[in-house]
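The following paragraphs walk through one protein model, from overall figures to single residues. Please keep the sequence and the coordinates open while reading.

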Amino acid sequence: MNGGPNTDATLGRTARAALEHLRRQSGFPTWLLTRTNDYEQIVIAAVDPQFSIVANSVLPNDLSTDRFLANVCKLEIPVHLSNGLPYGSLIGLNRQLPGTMAPHAESLLPLIANVLGALAGAEAALAASTRQAERRGVALDALTGTATRQAWEAQLIRDDERCNANGEQAWVIMICLDELHELNKRHGHDAGDEVLAEFGKLLNSIVQGRHMCARITGLQFGVLAVDITAAEATALETQLRQSFSAIGIAAWVGVGRRLPGVGLGAALDAAEASIGAARSAVTLDSSTFDEATAELVNALDRGQIRAYFQPIVDMRTGDVVAIEALARWQTDHGVREPYEFLPGIERAGLNATLFQRMLDDGLAHLASFRNVSPNLRLAVNFDFDSIPASGLKDAVTKLADKHGVPLELISLELSERQSFDMSPAVLGELTDVANAGVRLVLDDFGVGFASLETLTSLPISGVKLDRRFTGQVIDGEREPAVVKAMISMAADAGLEVIAEGVETQTQCDRLVRLGCRLGQGYLFALPLPPDSMTTVLSAPLVSAW
């Protein structure tokens, strides 16, 4: 259902007619109108008998990186909105090399680009006006003054359709106020309602009617931001976090980007997954928190929380080039998984202790594993609040010297989302340890908002492609353009790319073709205890590519 007249199809219809005219007149069989964003180009309209490109297809911003289009003749004419802002491109493709274009048709290109740009600008303005009208007319939650869940769900559907038609970027920001559970228990729901009412006012004052904000469940809110850039989405998330902190509201915040052809539902899932990865599956009760904290401290002191290892593999040869140390809690009742205790570690302020424990345990075993694989590297996860009191460089250097491991064989994996809220002090710590030889790798690449500028501004040497993107590498005629573009962007920045979540040989082979050399996942091995790793290191884990 669309909010207003069905004008979304106007640009597509007009563009297809113009592209068909160009096909007949120009000698180029394929013509596309695309809209460019921070990550890729979205095809708005297509006339294509050569490559099976259709509307809503995704292409890399640099067409030379596309396996199907790299060696064809291309014409690209920039398309600008009537206000002069860039919109996208008018693209002609011809398999025949060299491609030649009729002179009379060439003179039409700027005119057609101007007409389509003006129409795109008019439709964008109408879409924005329609969204504002829809938000003014939504049903509101009586307590918070934000939209209701029903209004939220209806708006997701409407904006999804418009994003499909217009190629707009969209983001979902989820906010969870888990701490109010405890306030309600201690002081009653009236106290919690007062906080919710103030929170609703704050949220509305931040979005100022530009974006939709809604109360989705009792303590869960959402912000839907359409037609904004990655930088604007980052700024909005930062403003939300800082505003909540300034008035003493403890909130979990997660962000998901709408991926072309996937929809806002998946963006919502990604935002919720981001929160889920950062908090406990079961909230610790305050009455047992001290006891739970003491149990965690004792487990760390006794070495019960120890490193398991998962290999990182050269997917061309099957050779293990690195191992990632992953925390597991060995108890009398079996091995406890990270989600069962990591949130408690974070709540108790024990991240620095856990980091040093994983690095110490990992380096101790790496020293032994190097008898089998001399150049093997160790990767350890690192949170910004894990910096030891002595400083990151000193702590890492001391443990490396203790176990006789060169700093060049150590990698610290940083969450992509943390990189957007980095203080100068943290950046200084990371720069110091990187200059000493330690490799820094950006984890969960693609979940947040990393751009080429971001990648080149950090002292990192690699990125780990998030498993949600690795999962897109499945059977099909065309390679997934988003994944290809992300690998290309990292490669352009001179960074090594590691694909997480590789589960099949087909994924492995296709990732290699896309330019990704390293992989990690269940295809190669589960996280293993140290005594199982020597066997894994002794032979290739996949057949040679």
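Accessible areas here come from the Shrake-Rupley method with a 1.4 Å probe, and for residues only the protein chains shown count as cover. On that basis the protein exposes about 23400 Å², of which carbon and sulfur atoms supply 52%. The model is predicted: local features need pLDDT of at least 70, side-chain atom pairs count only at pLDDT 80 or more, and totals for chains, interfaces and linings use all residues. Residues are numbered from 1 along each chain as its sequence is written, and side-chain values use heavy atoms, with hydrogens and water left out.

The protein has 18 helices and 18 strands; these are DSSP runs numbered from the N terminus, with helices being H or I of at least four residues and strands E of at least two. Of its 545 residues, 53% count as buried, where buried means under 20% relative accessible area, exposed over 50% and partly exposed in between, with a 1.4 Å probe and protein chains only. A contact means heavy atoms within 4.5 Å. Among contacts between residues at least 6 apart in sequence, 68% join residues at least 24 apart.

Begin with an open sheet of five strands, which has the order β3-β2-β1-β5-β4 and antiparallel pairing. Its edge strands are β3 (58-59) and β4 (73-80), each pairing on one side only. Two strands pair if DSSP finds at least two bridges between them. Strand β2 (residues 41-47) is joined to β3 by two bridges, and the two run antiparallel.

Helix α1 (residues 8-26) holds Ala 15. Is Ala 15 buried or exposed? Ala 15 is buried, with a relative accessible area of 0%. Leaving aside neighbours within four places in sequence, Ala 15 is in contact with Leu 33, Ala 45 and Leu 116. Its C-alpha atom is separated by 9.4 Å from that of Val 115, 100 residues apart along the chain.

Asp 160 sits in helix α4 (residues 149-166). Asp 160 counts as buried because its relative accessibility is 18%. Beyond neighbours within four places in sequence, Asp 160 is in contact with Arg 258, Gly 263 and Leu 264.

Strand β6 (residues 170-176) is joined to β8 by seven bridges and runs antiparallel to it; Trp 171 has Ala 225 of β8 as its bridge partner. Strand β7 (residues 212-217) is joined to β8 by five bridges, again antiparallel, with Thr 217 partnered by Gln 220. β7 and β8 form a hairpin with two residues between them.

A nonpolar core is a set of buried Ala, Val, Leu, Ile, Met, Phe, Trp, Tyr and Cys residues joined through side-chain atoms within 4.5 Å. The largest has 78 residues, of which Ile 305, Ile 323, Leu 359, Leu 378, Val 396, Ile 410 and Leu 412 touch the most other members. Apart from that core lies another of 25 residues, among them Leu 202, Val 223, Ala 233 and Leu 240.
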